[in-house]
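Reader: Hi, could you walk me through this model? I'd like to start with one residue and then look around.

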Amino acid sequence: MSPVSAQQLDWAPQLRLAAAEGNVAEPGQTAAGTDAGAQATEAAPGPEAEGEKPTVSTDRAVSPNATVNLINVLVQKGVITQEQADELVPQVDDESMVTREAVKTATARAEEAAKAASAAASAATPPGSKRVSYVPEVVKQELRDEIKKKVMQQAKDEGWASPGKYPEWASRIKLYGDLRTRYEGHFYPGDGYNSVGQLYDYNKINTGSPYDVSVLDPTFGPLINTTQDRQRYRIRARIGMDADLEEGFSVGMRIATGSDNSPVSTNQTMTGNFAKYDLWLDRAYLKFEPAKSPFEHYGLLDNTVFKVGRFDNPFWRPTELVWDEDLGFDGFAVQGTHEIRPGLTAFGNVGAFAMFNTSLDFSYNEARKFESKDKYLYGAQIGANWQIRPTIGLTVGASVFEYQNVKGRLSEPCNLQVSKDCSTDHLRPSFAQKGNTYRYLRDIVPPVGHTPGTPFAQPEYFGLASDYMPVVFASRLDFAHFDPAHIMLDTEFVWNPVFNQAAIDRVNTNNCAPNMPATICNFDGGNIGFLARLSVGHKTFDEFGDWNVHVGYKYLESDATLDAFADSDFGLGGTNLKGYFLGGNFAVSHSIVATAKWMSANSIAGAPYAVDLLQVDLNAKF
């Protein structure tokens, strides 16, 4: 019989117990039906077995833990797999370690208690008496159980029972992000196309110094490029965090790149010289879901979400006709859904959003400050998702958005020799792309000593000539007959019912009808828009080879909606644009997608403008 190791002798009682139950053989005995038993009966190779190589057993070494040994036996018998055993063993080790700590602590406390009791008894016992301390076993067991419970809870809270695992609070935080690299080419029709008029960059004027519209200034104001091809290389990097605060509350934050504080783009143009780039606070919000809170016990506000702060667009939209995909909303929103019957779900969204607050000291050099004209956006949407058949789904939505205090108006008579501001300067848009119709904001009075009938300097800011309350109808028809490939038709229509062409005709400075004299600018814009897009392919890109392609047409008149928040890519952003677009996506891996887009846009009203845009992207996400 082979010598038995000390480790085997220490755990012989446990092995004998397992053997009695038919689970494992004692040292020197055979466990019938097991590989270990078969190996135990084999004769040890002797020196006379020439040419035979000794074999190494694949059995796992006997563990000092009986539970681990039992798990190994279960693997040998085929009751559980080795993968299942590998998952159970770390848990057994953790619990054993916690139990040992609990027993050690309990024993120490029991000994301290016994010593204290002995000392107290000795103090009360007459000299010459002898006393033996005794702590009942049941008391020791109660102490062990109590301490073990506390140690287990501490181990769970602090995460030290399972090294390498996050503590509980960390498991409620989720990090995510993405990186996009892009080549972008702008292609114009060439010199001479824009000979009828010029496209002024109203955003540059309104965010900088006013433009002198008098004949005293012979130079052109800031103009948008309409003739020279350009190309640029861009990146977008975003990283965000969602944290579950429990009881229905959570917070979200995200930072992103960006060449400026544009609300519709987080792209950073690679400007050269290897300069570092800025990061912006892109999202920061608090979310409350009553269904996950104590309200759940009362059945209140199920399937409802409340958000406050800066968050993603809360309104459903299948295209970018009205809203750019990167736009964040600042304010408060409520989103809700309700299942009417199986296959038919209604949804609704409402919100109020702050766009602009008048400076506390406007105007800075006036003793009597000007009236506030804070700007707000209010929105409401209703819709439904109807699964007509297992392979046909339809989503429809209707929305209305009201902009408050965005329309410009003429100021009170303004003497720029006395004040540097006029009373309606704060009505100029703080951000714009292009396409909306503009008017003068300042009523500038002639300077002292001015000769009537002669020109004088008139530095102007420009405000929107119309009110805006876009009404939007949208739909998505989804054919899933070839799932996972889908055929989808997206449509969206927008109409601005508060548009007043007669009022605009008297004040507009752009979007003029062609062939008008220089002194006349009859309005040539409009207040409607629509987009249709057909997509074929996968809806998501989860693995290599997933793909889709799309083609569509867009028509968006000058004042159908606010140009500031429309798509920033088509026609290089804004309204007063029409044309087609096409593109495709291909998944290089489960987290990398390659994209290519071609967009061809032309102006609808006013000065001729046309640009073709090519974008080639590589997107990575985690």
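**A buried aspartate and its surroundings**

Author: Happy to. Asp282 is buried, with a relative accessible area of 6%. Buried means under 20% relative accessible area, exposed means over 50%, and partly exposed is in between, with a 1.4 Å probe and protein chains only. This is a predicted model, in which local features need pLDDT of at least 70, side-chain atom pairs count only at pLDDT 80 or more, and totals for chains, interfaces and linings use all residues. Residues are numbered from 1 along each chain as its sequence is written, and side-chain values use heavy atoms, with hydrogens and water left out.

Reader: Thanks! Which strand does Asp282 lie in?

Author: Asp282 belongs to strand β6, residues 280-288. Helices (H or I, at least four residues) and strands (E, at least two) are DSSP runs, numbered from the N terminus.

Reader: And what does the side chain of Asp282 make a polar contact with?

Author: With the side chain of Arg254, at 2.5 Å. A polar contact is a pair of N or O atoms within 3.5 Å; within protein, one must be able to donate a hydrogen and the other to accept it, and residues adjacent in sequence count only if both atoms are side-chain atoms. Leaving out residues up to four places away in sequence, Asp282 touches Arg238, Arg254, Ile255, Ala256, Thr266 and Arg310. Contact here means heavy atoms within 4.5 Å.

Reader: Arg238 is on that list. Which residue does Arg238 form a salt bridge with?

Author: Asp326, with the closest N and O atoms 3.9 Å apart. Arg238 sits in strand β3 (residues 230-246) and Asp326 in the loop between β7 (304-312) and β8 (328-341), so the pair links distant parts of the chain, 88 residues apart. Both Arg238 and Asp326 are buried. For a salt bridge, a side-chain nitrogen of Lys or Arg has to be within 4 Å of a carboxyl oxygen of Asp or Glu.

Reader: How many salt bridges does the count come to?

Author: By that rule, 21 salt bridges. One of them pairs Asp617 with Arg182, the closest N and O atoms being 2.8 Å apart. Asp617 is in strand β23 (residues 610-621) and Arg182 in strand β1 (residues 173-187), so this pair ties together parts that are 435 residues apart in sequence. Asp617 and Arg182 are both buried.

Reader: Changing topic: which residues of the largest nonpolar core touch the most other members?

Author: Of its 43 residues, they are Trp323, Phe329, Phe353, Leu377, Tyr403, Val494 and Phe565. A nonpolar core is a set of buried Ala, Val, Leu, Ile, Met, Phe, Trp, Tyr and Cys residues joined through side-chain atoms within 4.5 Å. Val494 touches residues including Leu321, Val322, Pro470 and Ile528, not counting those up to four places away in sequence. Another core, of six residues, lies apart from the largest one, and Ile71, Val75, Ile80 and Val92 are among its members.

Reader: Last one: where are the cis peptide bonds you'd point me to?

Author: One runs from Phe362 to Ser363, with omega near -5 degrees, and Ser363 is in the loop between β9 (344-356) and β10 (375-389). Another runs from Asp483 to Pro484, with omega near 15 degrees, and Pro484 is in the loop between β17 (471-479) and β18.
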